[in-house]
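Subject: Structure handover, charged pairs

Hi,

Here is the structure I promised to pass on.

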Amino acid sequence: MAFLIKSMIGNPLSGMGLGGGGDKEEEATPSDPAKAAGMTREEYEEYQKQLVEEKMERDADFLHKKAERATLRVCLREKYRLPKSEQDENMIEMAGDDVDVPEELLKMVDEDATEEEGKDSLMGQIQNLQNMDMDQLKEKASATVTELKTKAEEKCAVM
């Protein structure tokens, strides 16, 4: 009931002009955004086109970078035999064209791979031996030999 009365009466002050101040405020703010920016209509339209093109270019670059990172993650997952990620595969598909891993990241991965290969090879093991303390190595070897001798003497009656 109160709603009905309010809607019939309305706001009593809204009908009173009190000097018509509301009209001047509307005239002060221009309705055309080009005039508000201080440009002609054609300049404003060209400016808006440039903004849209720049945003599209930034978005495309960002998508391409994300796809490059996803490609690198896929390569690392294959290398270390980790489970595949659908999110990375979807990101690569969204990028469209053939996405390559950035050269800097490839160099880092290659350096890591050569370091691992070097550690696994015979030469890598020899280099690790050179870095070890020889006195400590001799002590370990002699301790192992004496331990083997004592175990052999315990098990074999001939020795």
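Below is what turned up on charged side chains.

First, the ground rules: this is a predicted model, with local features needing pLDDT of at least 70, side-chain atom pairs counting only at pLDDT 80 or more, and totals for chains, interfaces and linings using all residues. Residues are numbered from 1 along each chain as its sequence is written, and side-chain values use heavy atoms, leaving out hydrogens and water.

The whole structure has 5 salt bridges (a side-chain nitrogen of Lys or Arg within 4 Å of a carboxyl oxygen of Asp or Glu). One of them pairs Asp88 with Arg77, with the closest N and O atoms 2.4 Å apart. That pair links distant parts of the chain, Asp88 being in helix α5 (residues 86-95) and Arg77 in helix α4, 11 residues apart. Helices here are DSSP runs (H or I, at least four residues), numbered from the N terminus. Asp88 is buried at 4% relative accessibility, while Arg77 is partly exposed at 22%; buried means under 20% relative accessible area, exposed over 50%, and partly exposed in between (1.4 Å probe, protein chains only).

Lys55 also bridges to Asp59, at 3.1 Å between the closest N and O atoms. Both sit in helix α4, 4 residues or about one turn apart.

Then there's Glu68, also in helix α4 (residues 41-79). Glu68 is buried but has no salt bridge, and the nearest side chain of opposite charge, Lys65, is 4.6 Å away.

Cheers

Key: Helix = DSSP H or I, 4+ residues; strand = E, 2+ residues; numbered from the N terminus. Lys, Arg positive; Asp, Glu negative; His and termini not counted.
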